[in-house]
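Notebook open, structure loaded. I'll jot down what I look up as I go.

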Amino acid sequence: MFKWLSKYFATPSQLRKAGILGMNRRNFKFIAKYNKRNLYPLVDDKVQTKELAQKFGITTPRLIGTIEYQHEAKNLKDMVKDGESFVIKPAHGSGGKGVLVIKSHDENTFTTPSGRVLSYKEVYQHISNTLSGLYSLGGQYDTAVIEEMVNFSHIFDNYSYQGIPDVRIIIYRGYPVMAMTRLATAASGGRANLHQGAVGVGLDIKSGKTLKAVMRNQPITHHPDTNADLTQIEVPFWTEHLLIAAKAYEMTGLGYLGADIVLDADKGPMMLELNARPGLAVQIANGIGLSKVLKKVDKYYPKRLSPEERVAYVLTH
Amino acid sequence: MLERLKSFVTIRFVLTLCLIASCLFAGYKIYYKVKYWGFSFAPHERTDIWTIEADVNFTANGEPIKISLAKPQSSNEYKILDEDIVAPGYKTKIDKDRVILSTAAREGEQNVYYRILLFDNQDAKGKTAAPAPQAPEKPIYSEQEKAIAEEILSLASKQSGDLPQQLIRLFNQVPPEPTVTAFLPMKKTTKNVAENISKLLAYKGIASRMARGIKLEEEKTAFSPDLMLEAYLNGRWKLYDLTTGKIGLPKDFIIIQRGGTSLLDIAGGEDSSIKFSVLKSVTNTFNLAGKRAKLSNEQQAYDHSIYNLPVNQQSAIKWLMVFPLAILVIAVVRNFVGLKTMGTFTPMLIAMALVKTGLGAGLLCFVIIMGLGLLIRALFSKLNLLLVPRISAVVVCVILIIQYMTEISYRFDSDIGTAASFFPIIIMAWVIERASITWEEEGAFNACREIIYSLIAALATYVIICNETIRYIMFAFNELNIVLLFLIMMLGTYTGYRLTELKRFRPLVK
């Protein structure tokens, strides 16, 4: 009986020994303590995040325009007439909900990267759903953000079943502490959520190289659909990734933060969005507990350094 | 120094202090309510009230009249709620165990009534110790009587039970022993049996006394009190039934007079008789509490409590008082167990509906509404409606489903349909909406899992709030809600792992 239990469940003391951060502890000791409530809008509203990022010299996908009211939706065609591809996002969305990527379009049809063809009416519908708050955090009225599609670097092409993987970096008190990338699979339905069956690849915070790859809690070496070798991933421009992450601290003032960063073929690493309540799956992807690392930062890492100095510190310690 | 003090006074520390303080406060209030208001821990909604009426009848003989009537005292089993005397022109005085009436000289037939209201003191605990009686005086028997007494005692020893029981059984033997017949007067009455047994007990050095009491039965009129015998054995008074020899106070029995004093003494009157009648009535325990509060001089506190409100308001508050417990369950399910439910308090609202509908009918109803609702919502999603009109349409559909369920079930004489109308319509519509979005975005498996987790949370809440005793306790001792408040706040500082995390992070442990 006990053996059977211990096969499926860990004891609290085992988790503590492994330095695993639990949801309650994350909320009470880190989010409530280091993330001031009044700063949340800076990251929850993508328009504000973008403006702020610009001020701090962080590249983000170019903003094409915003749609705030239903009647503005008809302006969409005008807004996007110059470019081929664009993305519609809810300003207050999270976890990729309500993100519509359009690869190409003509007068009446819109094509997504997977080849699905949408009519103008369907896109209009999507915007209207976004405005009425279907994808926003609290279900309140929202703004649709239209931005330029990232010209994804082809380095990751083989690693994901659909979509382009981004790099998630956890930043604690300004120090990038843990990183991972999430790769969609057929099993996850093209989504990048680990609990739905996406692959989580833990990345070494000093080098951006694969630490470990996990799918459905099991270690794997190759992507189940593309068969790409997951042990050899090395994210290029890693220092630049870390610098964006470190700057996000000065930019928002949030002490416990998640940054989603993508690699653009021309412009290098770009910040997609920030998250004031980053999930704990990064621990599973890395096979390491967060508590240990956070404790180390509290105890030994010097305070009051510039972002560049912090990145240098992380790279050398 | 200040720094050290500051690190000591953490939120958790303050909350612990508050929790302890609220426990003490609730403990005191519970003690107070039990002691002065007579609240109990079991949900006795109703309490029996017995009205005993003594009708004293006599012919006045022209001298000043003084009537002394034995009356029941508050005992462990019964408490006196109210007593009154109907005796026009008499001066009345109520002592601890007697009622004294007096008036100037009168003539003719007299009738006085004494009425007492008693209620079941169901929550009484412990018994008051009676002082030990003095050793009884030995009866003076002639040589011959002494011989017979000895013989009776030896005959009695063949009977079962203790000595008083043996004697009672011997005296009631059919056919009677010749020795017993010889010992008793010609006419055998309960009274002279009692007197003789008492004498024999005194002969053996056992103190005894007579007790008169009334068996409380509904609608009992014009009867005399029953006679019983009490003997002091092994340091306590024991009550014996004079015909069966059974020990102890019979059920629903109240002693109105004890010992040597008479039931009724009348000076200035003749041909007196006393007849009792008993009437049973039922009252709400909380109504009674007011009277009890008055008896213990705690009236004012009671007047300002929720129990003094009109019944309608009381039942509304009674329903409210169980919410904090349900909320605690939800907080535990989410923060300690770690189940993801649809909406924070949706499971609680479902549980409340289940309490009103009954479990089986409620669950069936929930499944039907959810099933049909999801089906309709799936059709709607093809129409690409805007959010607010779409959710509104789902609300209307839920209302229609409930309407048809009620109609159909009425036709088939089942109560499932009526159960449907208790479900919170708007909440159901949102649950359908959310489930259908989860369905579209994360698949049927995740949607069903979320619904099932919500139902588990609802059932956990249901189990607690459907319990009549728990609901009663949360109402009668509503201070417990303050304790719950701090418990919930303490849970807000819980930083340990959730149960689901023990499974989630299992792979990280070698």
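I started with chain B: of its contacts between residues at least 6 apart in sequence, 76% join residues at least 24 apart. Contact here means that C-beta atoms, placed from the backbone, lie within 7 Å.

Housekeeping: this is a predicted model, where local features need pLDDT of at least 70, side-chain atom pairs count only at pLDDT 80 or more, and totals for chains, interfaces and linings use all residues. Residues are numbered from 1 along each chain as its sequence is written, while chains are lettered from A and ligands numbered from 1 in the order in which they are written.

Next I looked up the make-up of chain B, which has 18 helices and 13 strands (DSSP runs numbered from the N terminus: H or I of at least four residues, E of at least two). Of the 510 residues in chain B, 29% are buried (20 or more other C-beta atoms within 10 Å of a residue's own).

Then I picked a helix pair. The axes (lines fitted to C-alpha atoms over the stretch in contact, angles from 0 to 180 degrees between N-to-C directions) of α3(B), residues 143-156, and α4(B), residues 163-171, come within 9 Å and cross at roughly 100 degrees. So α3(B) is roughly perpendicular to α4(B) (65 to 115 degrees). Ile152(B), Leu155(B) and Ala156(B) of α3(B) meet Gln166(B), Leu167(B) and Leu170(B) of α4(B). I sorted that contact into five nonpolar, one polar and no charged residues (nonpolar is Ala, Val, Leu, Ile, Met, Phe, Trp, Tyr, Cys and Pro; charged is Asp, Glu, Lys and Arg; polar is the others, Gly among them).

Last, the contact between chains takes 27 residues from chain A and 22 from chain B.

Technical notes:
Two residues are in contact if their C-beta atoms, placed from the backbone, lie within 7 Å. A residue is buried if 20 or more other C-beta atoms lie within 10 Å of its own, exposed if 12 or fewer, and partly exposed in between; C-beta atoms are placed from the backbone. Angles under 35 degrees count as roughly parallel, over 145 as roughly antiparallel, 65 to 115 as roughly perpendicular and the rest as oblique.
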